[in-house]
Amino acid sequence: MSDHRPEDDSIDDAGVERLRTALRDDAATPGEPVDADLVWRAVTQELPADERRAVIERVAADPTWAQAWRLAMEMSRAAAKADAPAKVLSLTDRKAAQGKRSWSGRPAWAAMAAMWVVLVGGVLVWRQQQREDPERIRGGEAEAITSGVPEATALARDRFVLRWSGVPQATHWSVQVSSEDLKVFHRVERLEQREYTVPAPVLAELPSGARVLWQVEARLPDGSVRRSSTFVNRLQ
Amino acid sequence: MHLELRHGHSAGASPDAGLETLRRDLEKALASVCPPSLADRRDDLLQVAMMRVVELRKRDPGRAALSSAYLYRVAYTALIDELRRVNARKEVALEEVEQAPVQPVAPGDPERSAGAAQIARAVRDCLQGLVQDRRLAVTLHLQGHTLHEAAELLGWESKRTENLIYRGLSALRACLSTKGITP
């Protein structure tokens with residue numbers, strides 16, 4: 001009996017290339033808005049693996065996200081190369097390199113001691129950086145976006161005004177509104193005020209008393225995004 | 001998709017030389033990533049991204065010596081913003097001319113675009129039918145990642161990733177053939 005099954009026929013390199021070309025040439029129809037910051041952090045592996053996989057799921061399903069992924073891939077590769085200094089060793093560097101090689105003949109404890117020094121030094125530098133530049137701490141207290149609408153407050157359908165504060169350096173804001181089942185039913189971008197009134201027609205299908213979830217994103221001057229936690233208010 | 005190797009401004013060149021390198025890299029990235037329908041918008045997209053970087057440096061001169069990673073990230077974010085706007089305008093324009101006689105509105109070969117769209121749609125449909133791990137591995141493969149990169153991104157071992165890509169491509173081929181597409 002043969003072990004050959006139809007599914008054993010994989011796609012050869014030329015076939016894969018044809019599919020890649022088709023995916024690239026497909027004019028991406030606007031789908032879900034791309035979170036550029038999220039895609040960049042996934043491509044550069046700043047996100048944990050499970051969050052990276054969640055982004056790749058969106059890349060599989062949405063051509064706009066796939067296009068953003070390819071751009072991030074190209075740009076991050078180019079950035080890595082641009083940051084790489086010229087690898088021309090001076091005589092001093094060469095001597096230092098030779099010195100490093102001579103470590104290989106020394107006892108293992110010496111190498112371990114050196115690693116410890118580097119590790120402890122690294123931790124100290126990292127802690128110092130955290131103290132000097134709290135903005136770098138993702139989601140840190142100093143950068144928290146807080147709701148200006150108390151959670152217990154029920155808001156009128158025709159005056160569903162969301163307010164927030166924090167992140168003074170933000171250049172503009174986005175707001176995403178979801179229903180209790182976490183379906184996003186409204187999103188607005190490039191707001192310049194820390195306030196937004198959800199249009200009444202958007203809320204028309206929700207029953208009175210429904211919980212409305214909303215989240216704010218601050219866009220910083222460098223293009224990065226800082227997200228709030230999810231706030232909840234009821235509809236009157 | 002290969003970018004030539006060169007040295008950045010960290011090697012002692014001026015920050016403007018760094019900007020020039022960034023501009024070249026943006027041009028290359030756009031040329032290799034954007035569909036033909038956006039070919040006539042590449043210059044605008046490039047300009048918008050570069051303006052964002054220049055504005056940022058003007059606003060904060062102390063950051064003139066920013067790392068390439070930072071500048072490239074800013075340029076990337078500006079590009080995505082602009083692409084979103086371009087796509088949104090395209091959508092509105094299509095709605096406006098819905099009743100008008102069909103005219104090619106974008107450069108490039110419309111037949112090729114239509115064919116690409118059909119294949120791309122079929123690939124996306126078929127990917128959704130794959131087991132999740134295979135879907136993720138094949139997606140990265142189709143995005144142009146090497147096996148090593150895909151394994152790192154997914155947080156899996158190379159051997160496992162390789163197996164998933166192989167099995168995933170087999171299943172993708174079988175699915176595409178049911179849609180009349182032979183890769």
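## Where the two chains meet

In this predicted model, 56 residues of chain A are in contact with 63 residues of chain B, where contact means that two C-beta atoms, placed from the backbone, lie within 7 Å. On the side of chain A that touches chain B, two or more residues each come from helix H1 (13–25), helix H2 (36–43), helix H3 (49–61) and helix H4 (63–83) of chain A. H4(A) gives the most, with 18 residues. Helices (H or I, at least four residues) and strands (E, at least two) are DSSP runs, numbered from the N terminus.

By class, this side of chain A has 32 nonpolar, six polar and 18 charged residues. Here Ala, Val, Leu, Ile, Met, Phe, Trp, Tyr, Cys and Pro count as nonpolar, Asp, Glu, Lys and Arg as charged, and the others, Gly among them, as polar.

## A three-stranded sheet

Chain A also holds an open sheet of three strands in the order S1-S3-S6, with antiparallel pairing. Strand S1 (146–147) and strand S6 (195–198) of chain A each have a single partner strand, so one side of each is left without a neighbour in the sheet. Strands pair if DSSP finds at least two bridges between them; S1(A) and S3(A) pair over two bridges. A:Ser147 stands opposite A:Trp164 in S3(A).

## A glycine in a loop

A:Gly166 sits in the loop between strand S3 (160–165) and strand S4 (172–178) of chain A. Its C-alpha is 6.0 Å from that of A:Ala144, 22 residues away in sequence. Is A:Gly166 buried, partly exposed or exposed? A:Gly166 counts as partly exposed because it has 18 C-beta neighbours inside 10 Å; buried takes 20 or more other C-beta atoms within 10 Å, exposed 12 or fewer, and partly exposed lies in between, with C-beta atoms placed from the backbone.

## Reading notes

Residues are numbered from 1 along each chain as its sequence is written, and chains are lettered from A and ligands numbered from 1 in the order in which they are written. Local features need pLDDT of at least 70 and side-chain atom pairs count only at pLDDT 80 or more, while totals for chains, interfaces and linings use all residues.
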